[in-house]
Amino acid sequence: MESTARSSSELDPLVAGLALCWFLASAVLDLYAVWIAFGGLGLVLGLTIAPITFVIAPFYAALVHGFWWPLVVEYGGLVVLGILAWVTERMQC
């Protein structure tokens, strides 16, 4: 009888692909939130000072401008991908 379950090593590229998509989506939304708040100069500074852009900008956009998507995508996606990585790591063949 052949097993149809995927092994953890087969799901690693899936998790890596989802992580890449999550990173790109959160980066675009964070940079968009910085652009809304501070304009083009803020965008240039946001690319230069990346930790502020990716940690503080989602909270700032949510609380000041009511633009919740960067916060939802960045931290919600982090939680979902963390759970998915934990599940695939513990899967048995």
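Which residues line the largest pocket? Val34, Phe38, Gly42, Leu45, Gly46, Ile49, Ile52, Thr53, Ile56, Ala57 and Tyr60 do, where lining residues have an atom within 4 Å of a pocket point. This is a predicted model, in which local features need pLDDT of at least 70, side-chain atom pairs count only at pLDDT 80 or more, and totals for chains, interfaces and linings use all residues. Residues are numbered from 1 along each chain as its sequence is written, and side-chain values use heavy atoms, leaving out hydrogens and water.

**The largest pocket**
- Helix H1 (8–48), helix H2 (50–55) and H3 each give two or more residues to the lining of the largest pocket; helices here are DSSP runs (H or I, at least four residues).
- H1 supplies the largest share of that lining, five residues.
- By class, the lining has eight nonpolar, three polar and no charged residues, with Gly counted as polar.

**Where H3 meets H4**
- The contact (heavy atoms within 4.5 Å) is made by Pro58, Phe59 and Ala62 of H3 and Pro70, Leu71, Glu74 and Tyr75 of H4.
- By class, six residues of this contact are nonpolar, none is polar and one is charged.

**A look at leucine 43**
- Leucine 43 is found in helix H1.
- Leucine 43 counts as partly exposed because its relative accessibility is 25%, and that label lies between buried (under 20%) and exposed (over 50%), using a 1.4 Å probe and protein chains only.
- Leaving aside neighbours within four places in sequence, leucine 43 is in contact with Leu31, Val34 and Trp35.
- Leucine 43 and tyrosine 32 are 11 residues apart in sequence and 8.1 Å apart in space, C-alpha to C-alpha.

Note on methods. On a 1 Å grid over the protein atoms alone, a cavity is a set of points where a 1.4 Å probe fits but cannot get out, and a pocket is an open set with protein on both sides within 12 Å along at least five of seven lines; lining residues have an atom within 4 Å of a point.
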